[in-house]
Amino acid sequence: MASKKFKPSAKSTLPFKTGNKEKRQKLHITRKKALDNTRRDERFRRRREEDKDPSLREERLRKNIPLTLERKRVWDDVDGDIGDGLGVSVDIERLKRPKLAEEVEGKGDHDQ
């Protein structure tokens, strides 16, 4: 599988700094092109490997779930005897699930 750390090639790093604006721009363009080429090569290598073994693609896609604000949120444990409850965040969906399950079970009992 592909390495997690990106290792730039020797061409993509600047060995020295130059005071000349045109040279600095050319060095930046060469560095950027080399970096883009290595990333592209890595991408195509990974694609070839995944074409041979589709389970690698499934595993990569399963692991690459973006961290959204909702996924980063950490819910507080809420107890009834905290006091005024200011500043407490509650997962409403989690609280609704048992109620919905009870309603579904209740409807199933009435049908019989």
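Biologist: In which helix do glutamate 42 and arginine 45 both lie?
Modeller: This is a predicted model. The two residues are 3 residues apart, about one turn of the helix. Glutamate 42 forms a salt bridge with arginine 45. Both residues lie in helix α1.

Biologist: How far apart are the closest N and O atoms of glutamate 42 and arginine 45?
Modeller: A salt bridge needs a nitrogen within 4 Å of a carboxyl oxygen. This pair forms one, with its closest N and O atoms at 2.6 Å.

Biologist: Which glutamate, 4 residues from arginine 45, also lies in helix α1?
Modeller: The separation is about one turn of the helix. The side chains meet in a salt bridge at 2.4 Å, N to O. The partner of arginine 45 here is glutamate 49.

Biologist: Is glutamate 50 buried or exposed?
Modeller: Buried means under 20% relative accessible area. Glutamate 50 has a relative accessible area of 3%, so the residue is buried.

Biologist: How many salt bridges does a search of the whole structure find?
Modeller: Some share partners, joining Glu50, Asp51, Arg57 and Arg60 into one network. The protein has 4 helices and 0 strands. Across the whole structure, the number of salt bridges is 7.

Note on methods:
Residues numbered from 1 in each chain as written. Predicted model: local features only at pLDDT ≥ 70, side-chain atom pairs only at ≥ 80, totals over all residues. Heavy atoms only, no water. Buried < 20%, exposed > 50% of the residue type's maximum accessible area, 1.4 Å probe, protein only.
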